[in-house]
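Me: I have a structure open and would like to learn how to read its features one at a time. Please give the general idea first and then the case.

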Amino acid sequence: MILKATFSKPAKQCETVLGKPYQRVRIWKTAAGYDAEFFTKTQAFRRHFTEQEAEQFLQEHTGTTFKSVVEWTESQEITVLANKRGKITRLAKPIKTEDANPVSSSLNGTNLNSEEKSISGAAVHSLAAHIPLEPFGAHNRTKRYLLPEGIPVPFLVQLGIMSHDGNVYAKKYDKFKQINRFLEFVDDVLPEVTERATNGTGFTERRPLRIADFGCGKSYLTFAVYHYLVHVRHIPTDIVGLDLRPDVIATCSSVAKDCGYEHLHFFVGNIADAPDGQSDIIITLHACDTASDYAIYHAIKCNAIALLCVPCCQHELNTQLQAHKTRAVPENPFAPLLRFGIVRERFAALATDVLRAEYLEQQGYNVQILEFIDMSHTSKNLLIRAVKKMPAHGATTGESCAQSLTRATALLDSLNVSQTLYELLQDPRTNLPL
């Protein structure tokens, strides 16, 4: 019996089949059948299924309407992946038997007693891995997170976000939501990364998922990614965090050791000087100004399968635009945007990220620019998500890259500026096409 299922990576025909451009669907078992939630980019819709309807939905849309589906039964976690050629791969792994009692208890709606609240870190990890998504009533729409509230997570306790009982501190709730939001982005790229890196067979101890975090800072999100992948999804994972501040790296290393995160390592270093090495996923969050360019460049140079980049402080273009705003040709369509400081600054930041997206497309990535968190929390709320395309399919890819290059070149020429990522990719020693 399916306890819950998550559908992601909608196929092109999704809107035609289901009536709306759904991005994700979640289904979970209830006492009266199944409840489901359908998400577009801006809306969520609720629906109730009978057991027969839920079974029919799974059969009709797994691997077809949605190319990535994860199902949980009482004994297995089953991942279904479909590639562009229509090949469907099913990966099943058992759920440890010692997790049965916590799951059963949670399914019946009972609360943890004081003895259970003091269980070991390993048991906490297992409990968090398999707690079901509980339905919420019409008047109690509680957000369900990948790292749920009420379950103590060692690194969140260590970093002062959560109490030892699993309660999130009120003043840290925005950070808690940000962490879970980022995990959703990681979760979304996992099927394609798994397919490309392992031919769909899955990561193992001998071939773990490899992630590099450039400019990791205090590493809230780095810890979250490691915990989620290793202790919730049970994916063998190695993560390296890099930052310039020795004190921050020392603190992160200490927390990782205390939490028993043996394959999470931190080093002092500059993004620009990072050694070449194969990483499946590159993460760079709020790396200031051109540091994001160096992280993106490293991802391209190392042929990383996926990149998750949240840029910050894009000063480079704004400085140049400010320097020659008085010389701007009135007929230039962008001239009005250079007159007012705050407008020029925001325009420069958007132009920088758009150029980065174009250059990633020219290097063979599918690119999206998405809202990371609500604008009310921070203005630095855009995330660049790039996933390496499957091997080129004829002229379409070449035509797309040519159009991207034309757009980027026209924007640079119109603004009369230079951009670091473009300059890095121009270096003949890289032997990268542009």
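Reply: The words have cut-offs: buried means under 20% relative accessible area, exposed means over 50%, and partly exposed is in between, with a 1.4 Å probe and protein chains only. Before going on, note that this is a predicted model, in which local features need pLDDT of at least 70 and side-chain atom pairs count only at pLDDT 80 or more, while totals for chains, interfaces and linings use all residues. Residues are numbered from 1 along each chain as its sequence is written, and side-chain values use heavy atoms, with hydrogens and water left out.

Me: Which residue forms a salt bridge with Arg 245?

Reply: A salt bridge is a side-chain nitrogen of Lys or Arg within 4 Å of a carboxyl oxygen of Asp or Glu. Here the partner is Asp 243, with the closest N and O atoms 3.1 Å apart. Asp 243 has 8% relative accessibility, so Asp 243 counts as buried.

Me: How many salt bridges does the count come to?

Reply: The count comes to 16 salt bridges. One of them joins the side chains of Arg 233 and Glu 77, at 3.6 Å from N to O. This pair links distant parts of the chain: Arg 233 is in the loop between α8 and β9 (237-243), Glu 77 is in strand β6, and they are 156 residues apart. For the labels, helices (H or I, at least four residues) and strands (E, at least two) are DSSP runs, numbered from the N terminus. Arg 233 is buried, with a relative accessible area of 9%, and Glu 77 also counts as buried, at 3% relative accessibility.

Me: Which residues are linked with Glu 77 and Arg 233 in a network of salt bridges?

Reply: The network links Glu 77, Lys 93, Asp 187 and Arg 233. Another salt bridge is formed by Asp 280 and Arg 207, whose closest N and O atoms are 2.9 Å apart. At 1% relative accessibility, Asp 280 counts as buried.

Me: How do I read contacts, and what does Thr 79 touch?

Reply: Contact means heavy atoms within 4.5 Å. Not counting residues up to four places away in sequence, Thr 79 touches Val 69, Val 70, Thr 89, Arg 90, Leu 91 and Arg 233. Thr 79 lies in strand β6 (residues 76-82) and is buried, with a relative accessible area of 13%.

For a case in a helix, take Leu 229 in helix α8 (residues 220-232). At 0% relative accessibility, Leu 229 counts as buried. Leaving aside neighbours within four places in sequence, its contacts include Val 186, Leu 190 and Ile 211. Leu 229 and Val 186 are 43 residues apart in sequence and 9.2 Å apart in space, C-alpha to C-alpha.

Me: How many aromatic pairs does the structure hold?

Reply: Rings of Phe, Tyr and Trp (its six-membered ring) pair if their centres lie within 6.5 Å; planes under 30 degrees apart count as stacked, over 60 as edge-to-face and the rest as tilted. The structure holds 17 aromatic pairs. Among them is the tilted pair of Tyr 22 and Phe 38, at 5.1 Å centre to centre and 55° between the planes. Tyr 22 lies in the loop between α1 (14-18) and β2 (24-30) and Phe 38 in strand β3 (residues 33-39), so the pair ties together parts that are 16 residues apart in sequence. Both Tyr 22 and Phe 38 are buried.

Me: How do I read a charge over a ring, and where does Lys 4 lie?

Reply: A charge sits over a ring if NZ of Lys or CZ of Arg is within 6 Å of the ring centre and within 35 degrees of the ring normal. Lys 4 lies over the face of Trp 72, at 4.6 Å from the ring centre. The charged end of Lys 29 sits over the ring of Tyr 34, 5.4 Å from its centre.
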